[in-house]
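Biologist: Please walk me through the aromatic contacts of this model. Show me how to read them.

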Amino acid sequence: MTRDATIACPQHDHNHAPARPGSRLPRARASGACHTWPLVSALLVAMLATLPGCAAARARPAAVPTWELANAEPYEPIRLGRARVSFDRPLPGHLVQDLSPEFALVAVRTAADWTQLSRRLRLPQGPPSVDLSQGMVVGILARVGESAGQTWPIRLRYIRSIGGEGCLEATFAPGLYYPILTAGYVEFAYAPGLQTVSLVHINHRKFVIRSQSDIH
């Protein structure tokens with residue numbers, strides 16, 4: 001966790017040691033320091049805003065609070081298919097956001113990326129209702145070894161969304177999984193109205209995505 005530096009303007013001298021005899025070190029006036037810093041800060045902000053490529057000129061709006069997003073009305077996504085992802089043929093890195101050593105979020109926003117994934121994983125083409133200009137395809141990749149049963153380990157359940165920012169809710173099936181390096185399990189679904197994913201729930205685990213680069 002980063003620490004934010006703060007500037008404290010002294011108001012009183014209770015914490016200063018008394019001046020020793022003969023000492024003539026100048027003392028800063030508290031009132032002057034407190035009134036100077038807002039002026040300097042305003043000038044710096046104005047200068048930064050005029051520079052090309054500066055972060056101040058490209059400030060992003062604040063994200064939806066996670067508690068508010070988690071309490072939004074849920075809706076079921078349109079499930080598109082399931083596939084196994086071979087460990088020696090991973091998905092394109094710009095589509096994958098690792099959540100933990102076992103799970104990853106997959107997000108697709110362009111038709112070209114969806115076509116590439118469909119062909120690589122032999123998925124059926126999306127139904128006509130899938131419009132990537134009005135939503136996105138999401139998936140949860142589970143790298144948990146080999147399942148000993150017939151149940152698919154991961155399943156997308158619900159989407160919660162506010163203003164295009166979304167929360168994915170998925171369930172992971174408990175059971176016996178052989179701890180071997182093998183293909184992962186992924187399930188894809190289309191989420192209408194979704195533009196970015198900032199929160200993922202898998203059973204009782206919660207993953208907050210704070211930086212998504214090409215994912216969002």
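Biologist: How many aromatic pairs does the structure hold?

Modeller: The structure holds 4 aromatic pairs. Rings of Phe, Tyr and Trp (its six-membered ring) pair if their centres lie within 6.5 Å; planes under 30 degrees apart are stacked, over 60 edge-to-face, the rest tilted. This is a predicted model: local features need pLDDT of at least 70, side-chain atom pairs pLDDT 80 or more, while totals for chains, interfaces and linings use all residues. Residues are numbered from 1 along each chain as its sequence is written, and side-chain values use heavy atoms, without hydrogens and water.

Biologist: How is the pair of Trp152 and Tyr185 arranged?

Modeller: A pair of aromatic rings is described by the distance of the centres and the angle of the planes. Trp152 and Tyr185 are edge-to-face, at 5.1 Å centre to centre and 85 degrees between the planes. Trp152 lies in the loop between β6 (146-147) and β7 (154-162), and Tyr185 in strand β10 (residues 184-192), 33 residues apart. Strands are DSSP runs (E, at least two residues), numbered from the N terminus.

Biologist: Is Tyr185 buried or exposed?

Modeller: Buried means under 20% relative accessible area, exposed over 50%, partly exposed in between (1.4 Å probe, protein chains only). Tyr185 is buried at 4%. Trp152 is partly exposed at 23%.

Biologist: Which aromatic pair is stacked?

Modeller: Phe172 and Tyr177 are stacked, at 5.3 Å centre to centre and 25 degrees between the planes. Phe172 is buried, with a relative accessible area of 18%. Tyr177 is buried at 17%. Phe103, Phe172 and Tyr177 form one aromatic cluster.

Key
Helix = DSSP H or I, 4+ residues; strand = E, 2+ residues; numbered from the N terminus.
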